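Here is a short briefing to read alongside the sequence and the 3D view. Keep both open as you go through the points.

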Amino acid sequence: MSTAEYANQDLTRADVDAAKGTTVLEFGATWCPICQGAQPAIEQALGGRQLKHIRVEDGPGRPLGRSFGIKLWPTLVFLQDGQEMARVVRPNGAQDLSAAVGRLHEV
């Protein structure tokens with residue numbers, strides 16, 4: 001099992017809203033066992049795709065996660081040019097992510 005490293009990103013909601021292209025924000029925490037368990041499915045679904053995948057450390061006082069209404073980890077928010085196209089909360093397998101990935105237009 002891989003170890004997901006969630007970065008304490010300095011991203012703001014304005015940065016995310018202004019982003020061009022396809023982006024997946026993955027909210028979670030490095031110490032979270034559910035986040036760790038979901039990594040193989042996330043890697044399988046997102047691997048080899050032309051998109052930006054950003055793992056964002058979430059928790060109390062983290063404004064980016066609050067701006068997206070994140071309540072459970074991991075939560076993946078699929079964005080196209082800063083607009084939310086899909087969201088997957090606690091995926092159980094790659095199939096849980098495939099419909100969300102299909103809504104994005106890779107460049």
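How exposed is Glu84: buried, partly exposed or exposed? Glu84 is partly exposed, because its relative accessible area is 38%, between the 20% limit for buried and the 50% limit for exposed. This is a predicted model.

**Salt bridges**

- The whole structure holds five salt bridges.
- One of them joins the side chains of Glu84 and Arg87, with N to O at 2.9 Å. Arg87, like Glu84, is partly exposed. Its relative accessibility is 32%.
- Another joins Glu57 to Arg62 through their side chains, at 3.2 Å from N to O. Glu57 is partly exposed at 24% relative accessibility. Arg62 is partly exposed at 25%.
- Arg55 and Glu26 also form a salt bridge between side chains, at 3.2 Å, N to O. This pair ties together distant parts of the chain. Arg55 sits in strand β2 (residues 52–57) and Glu26 in strand β1 (residues 22–28), 29 residues apart.
- Glu26 has 0% relative accessibility, so Glu26 counts as buried. The cut-off for buried is under 20%.

**Strand β3: Val77 and Gln80**

- Val77 belongs to strand β3. Val77 is buried, because its relative accessibility is 0%.
- Beyond its neighbours within four places in sequence, Val77 is in contact with Thr23, Val24, Leu25, Phe27, Phe68, Ile70, Glu84, Ala86 and Arg87. Among them are Glu84 and Arg87, the two partners in the 2.9 Å salt bridge.
- Gly47 is 30 residues from Val77 along the chain. Their C-alpha atoms are 16 Å apart.
- Gln80 is also placed in strand β3, which spans residues 75–80. Gln80 is buried, with 11% relative accessible area.
- Setting aside neighbours within four places in sequence, Gln80 is in contact with Gly21, Thr22, Met85, Leu104 and His105.

**Strand β4: Gln83**

- Gln83 lies in strand β4 (residues 83–89).
- Gln83 has 52% relative accessibility, so Gln83 counts as exposed. The cut-off for exposed is over 50%.
- Asp17 is 66 residues from Gln83 in sequence. In space, their C-alpha atoms are 6.6 Å apart.

**Helix α2: Gln36**

- Gln36 is placed in helix α2. Gln36 is buried, because its relative accessible area is 11%.
- The Gln36 side chain reaches the backbone oxygen of Thr30 at 2.9 Å.

**Helix α2 against helix α4**

- Helix α2 covers residues 33–46 and helix α4 covers residues 94–102. Their axes come within 8 Å. They cross at roughly 35°.
- The crossing of α2 past α4 is right-handed.
- Which residues meet where α2 and α4 touch? From α2 come Ala41, Ile42, Gln44, Ala45 and Leu46. From α4 come Ala94, Leu97 and Val101.
- The contact of α2 with α4 has seven nonpolar residues, one polar and no charged.

Definitions and conventions
Residues numbered from 1 in each chain as written. Predicted model: local features only at pLDDT ≥ 70, side-chain atom pairs only at ≥ 80, totals over all residues. Heavy atoms only, no water. Axes fitted to C-alpha atoms, helices over the stretch in contact; angles between N-to-C directions. Helix = DSSP H or I, 4+ residues; strand = E, 2+ residues; numbered from the N terminus. Left-handed = near helix turned anticlockwise from the far one by under 90°. Contact = heavy atoms within 4.5 Å. Nonpolar A, V, L, I, M, F, W, Y, C, P; charged D, E, K, R; others polar. Buried < 20%, exposed > 50% of the residue type's maximum accessible area, 1.4 Å probe, protein only. Polar contact = N/O pair within 3.5 Å; in protein donor to acceptor, adjacent residues only side chain to side chain. Salt bridge = Lys/Arg side-chain N within 4 Å of Asp/Glu carboxyl O.
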